[in-house]
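This briefing concerns a predicted model. It takes up helix packing, domain contact and local backbone features in turn.

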Amino acid sequence: MDHFSYRNRILHCDDVPVPALAEKYGTPLYVYSKKTLTHHLKQIQTAFLAVNPLVCYSIKTNGNIHIAKLMVDGGAGCDVTSGGELFRALKAGCPGEKIVFAGVGKTDAELRMAFEAGVFLFNVESEGELFAIADVAKSMNRVAKVALRVNPDLPPKTHAKTDTSVKGVKFGLDIDTVLEFAAKVVKNPHVKVVGLHMHLGSPILSADPYRQGIEKGLILIDKLRAQGHQINVWNMGGGFGIHYRKQEALPASAFAEVIVPGIQKSGCQLVLEPGRFIVGNAGLLVSRVIYTKDSGGKHFVIQDAAMNDLVRPTLYDSFHRIWPVAPAADLAAPPSDYEIANPGTRKVDVVGPVCESGDFLAKDRYLPPVQSGDLLATFSAGAYGMSMSSNYNGRPRAAEILVDGGEHHLIRRRETFDDLIRPEVEC
Ligand SMILES: *Cc1c(COP(=O)(O)O)cnc(C)c1O
């Protein structure tokens with residue numbers, strides 16, 4: 001469920017009409033619904049209530065400190081993948097003991113920063129990293145708590161660029177050799193292996209991979225305990241899919257059904273690292289049509305949001321629903337199925353101004369006729385939208401707005417041209 005709806009043919013976020021936001025803040029514009037964000041967090045907390053999980057919001061999904069703070073205020077911790085994300089989590093007020101630190105390439109400087117912040121857990125992805133953590137811990141007179149990130153070698157489950165638990169990806173420790181590896185650190189005074197970490201990939205639209213991961217994990221935890229490791233944390237990562245096309249995603253309870261019994265059997269504290277599930281459908285990208293153009297037998301809608309604002313279609317061939325913010329009377333509501341030709345629509349490519357053929361938000365999409373000046377909404381853009389944005393083609397990043405009921409707050413101003421060159425040394 002989200003709080004975006006058409007009222008009298010005008011798209012609203014909660015009680016705020018989207019055209020008013022576009023008027024006030026300009027386009028392209030990210031609009032987030034506070035109620036939707038907290039509702040999604042609550043859904044996860046409720047579904048997993050039986051095991052009282054530590055829900056660590058994945059900062060890389062959308063790191064705006066206002067959104068992270070909302071999560072922290074709602075009882076969540078944070079999952080960070082770099083020093084920069086750790087900085088954001090701390091700025092948002094997240095206590096160190098609720099932060100988990102993932103990523104295959106943690107540097108010594110980042111590790112030192114993490115120890116200073118007192119992070120709860122390091123998700124370890126290689127032997128080199130484990131010994132680097134031990135060295136840094138030693139130099140700072142600390143003991144690091146680590147979870148071994150295991151690649152459980154499951155069948156492919158999502159786009160190749162976002163599947164993290166098939167053989168041959170850079171993530172995690174091989175499930176076949178992780179025990180040899182773990183044996184080497186049983187007595188290390190500076191690292192304590194206290195947990196197992198499994199982030200399977202994203203977005204995942206079935207509970208099966210989690211079921212398979214749990215099965216393999218239970219066996220592994222027994223073996224790690226037999227080696228002498230006191231395993232008491234099980235981090236199942238994130239990856240819960242969302243509705244991008246229609247109603248294709250599972251509720252949090254469907255994942256809980258397969259994860260909770262395994263966690264109870266293991267006696268571990270559950271950690272989750274959801275990102276997309278919380279913020280994906282809590283955000284939209286609003287843009288304005290600049291031109292329409294017919295060329296090479298195709299119709300193009302050229303609007304002012306581009307791959308630098310939302311790279312998912314370019315990078316992952318992702319599908320985002322797009323519909324006019326104020327559609328014509330005879331096409332008042334968005335269709336339940338975007339992949340069929342609804343009466344009055346025609347097939348267009350929705351593209352941006354960036355000089356790349358790969359710059360598009362949608363291809364071969366049935367849309368009602370639009371003209372310059374019309375506003376478009378790209379839905380499900382809250383996750384991996386702003387956080388993956390860039391300044392490519394000299395484009396200042398979009399502004400971000402948080403809507404709460406009838407109120408709206410600027411949570412990131414639009415960048416200026418001066419922002420573009422600010423870090424460059426004067427010439
Ligand atoms: C990206 C990532 C997540 C978040 O994934 P979502 O699909 O957004 O829930 C969680 N954990 C790790 C280790 C990640 O890399």
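For the helix pairs below, axes are lines fitted to C-alpha atoms over the stretch in contact, and angles run from 0 to 180 degrees between N-to-C directions. On that basis, helix α4 (residues 83–91) and α5 have axes that come within 9 Å and cross at roughly 20°. Angles under 35 degrees count as roughly parallel, and α4 is therefore roughly parallel to α5. The predicted chain is divided into two parts, domain 1 (4–32 + 280–421) and domain 2 (63–274).

**Packing around α5**

- The crossing of α4 and α5 is left-handed.
- On the α4 side, this contact is made by G83, L86, F87 and L90, and on the α5 side by E110, M113, A114 and A117.
- Sorted by class, the residues joining α4 and α5 comprise 6 nonpolar, 1 polar and 1 charged.
- Helix α5 (residues 108–117) also packs with helix α6 (residues 127–139), at an angle of about 55° and with the axes 10 Å apart.
- Because of that angle, α5 is oblique to α6.
- The crossing in which α5 passes α6 is right-handed.
- Helix α5 contributes D108, L111, R112 and F115 to this contact, while α6 contributes A132, I133, V136 and A137.
- The contact of α5 with α6 holds 6 nonpolar and 2 charged residues, and no polar ones.

**Packing of α2 with α3**

- Helix α2 (residues 34–47) and helix α3 (residues 65–73) have axes that come within 10 Å and cross at roughly 45°.
- The two helices, α2 and α3, are therefore oblique to each other.
- Their crossing, in which α2 passes α3, is right-handed.
- From α2, the residues K34, L37, T38 and L41 meet I67, L70 and M71 of α3.
- Of the residues in the contact of α2 with α3, 5 are nonpolar, 1 is polar and 1 is charged.

**Contact between the domains**

- The C-alpha centres of domain 1 and domain 2 are 33 Å apart.
- Domain 1 supplies 19 residues to the contact, and domain 2 supplies 12 residues.
- Between them, domain 1 and domain 2 bury about 1500 Å², with 50% of this area on carbon and sulfur atoms.
- Within domain 1, the residues that lose the most area to domain 2 are Y316, F319 and I411, which together account for 31% of what that side buries.

**Local backbone features**

- A cis peptide bond runs from T27 to P28, with omega near -10°.
- P28 is placed in the loop between α1 (18–25) and β4 (29–33).
- The peptide bond from S202 to P203 is cis, and its omega is near -5°.
- P203 is found in the loop between β11 (191–197) and α8 (208–227).
- N8 is not a glycine, yet this residue has a positive phi of about 50°.
- The loop that holds N8 lies between β1 (4–7) and β2 (10–13).

Conventions
Residues numbered from 1 in each chain as written. Predicted model: local features only at pLDDT ≥ 70, side-chain atom pairs only at ≥ 80, totals over all residues. Heavy atoms only, no water. Helix = DSSP H or I, 4+ residues; strand = E, 2+ residues; numbered from the N terminus. Parallel < 35°, antiparallel > 145°, perpendicular 65-115°, else oblique. Left-handed = near helix turned anticlockwise from the far one by under 90°. Contact = heavy atoms within 4.5 Å. Nonpolar A, V, L, I, M, F, W, Y, C, P; charged D, E, K, R; others polar. Domains from an automatic or database assignment. Buried area = accessible area lost by both parts, 1.4 Å probe.
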